[in-house]
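Thanks for taking a look at this one with me. Here are some notes to read alongside the model.

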Amino acid sequence: MKNILTYVIAGIYNIGLIATFGKLTFFDGFVYTWWNWIVAVPANGVLSVFWPVYWPIIRPVFGS
């Protein structure tokens with residue numbers, strides 16, 4: 001039972017990570033230029049790793 005729950009939680013976390021990265025990278029309205037994607041894509045990656053904190057706390061406080 002413990003192993004199944006671990007896989008379910010890990011699966012939910014990974015789905016949230018991928019969905020958050022996709023939202024931040026492609027659907028957030030950020031305008032990419034020839035150089036800012038070098039900073040923006042890794043920043044989106046970091047924010048998507050912390051998606052359980054990003055959606056309820058960071059996004060409402062800092063806008064969008």
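1. Some ground rules. This is a predicted model, in which local features need pLDDT of at least 70 and side-chain atom pairs count only at pLDDT 80 or more, while totals for chains, interfaces and linings use all residues. Residues are numbered from 1 along each chain as its sequence is written, and side-chain values use heavy atoms, with hydrogens and water left out.

2. Salt bridges. Side chains of opposite charge can pair when their charged atoms come close. The rule here asks for a side-chain nitrogen of Lys or Arg within 4 Å of a carboxyl oxygen of Asp or Glu, and the count comes to two salt bridges. Lys23 pairs with Asp28, with the closest N and O atoms 3.4 Å apart. Asp28 also meets Arg59, at 3.3 Å from N to O. Arg59 lies in helix H3 and Asp28 in the loop between H1 and H2, so this pair ties together parts 31 residues apart in sequence.

3. Buried means under 20% relative accessible area, exposed over 50%, and partly exposed in between (1.4 Å probe, protein chains only). Arg59 is buried at 13%, whereas Lys23 is partly exposed at 24% and Asp28 is partly exposed at 29%.

4. Aromatic pairs. Rings of Phe, Tyr and Trp (its six-membered ring) pair if their centres lie within 6.5 Å; planes under 30 degrees apart count as stacked, over 60 as edge-to-face and the rest as tilted. The structure holds three such pairs. One of them joins Tyr13 and Trp51, with centres 6.0 Å apart and planes at 35 degrees, so the pair is tilted. Tyr13 lies in helix H1 and Trp51 in helix H3, so parts 38 residues apart in sequence are tied together. Another joins Phe30 and Tyr32, which are edge-to-face because their planes are at 75 degrees, with centres 5.0 Å apart.

5. A buried glycine. Gly16 sits in helix H1 (residues 2-26); helices are DSSP runs of H or I, at least four residues, numbered from the N terminus. Gly16 is buried, with a relative accessible area of 12%. Its C-alpha atom is 8.8 Å from that of Val49, 33 residues apart along the chain.

6. The largest pocket. Its lining has 14 residues, and Leu24, Asp28, Asn44, Leu47 and Tyr54 lie nearest its centre. A pocket is an open set of points on a 1 Å grid over the protein atoms alone, where a 1.4 Å probe fits, with protein on both sides within 12 Å along at least five of seven lines; lining residues have an atom within 4 Å of a point. Helix H2 (37-49) and helix H3 (51-62) each supply at least two lining residues.
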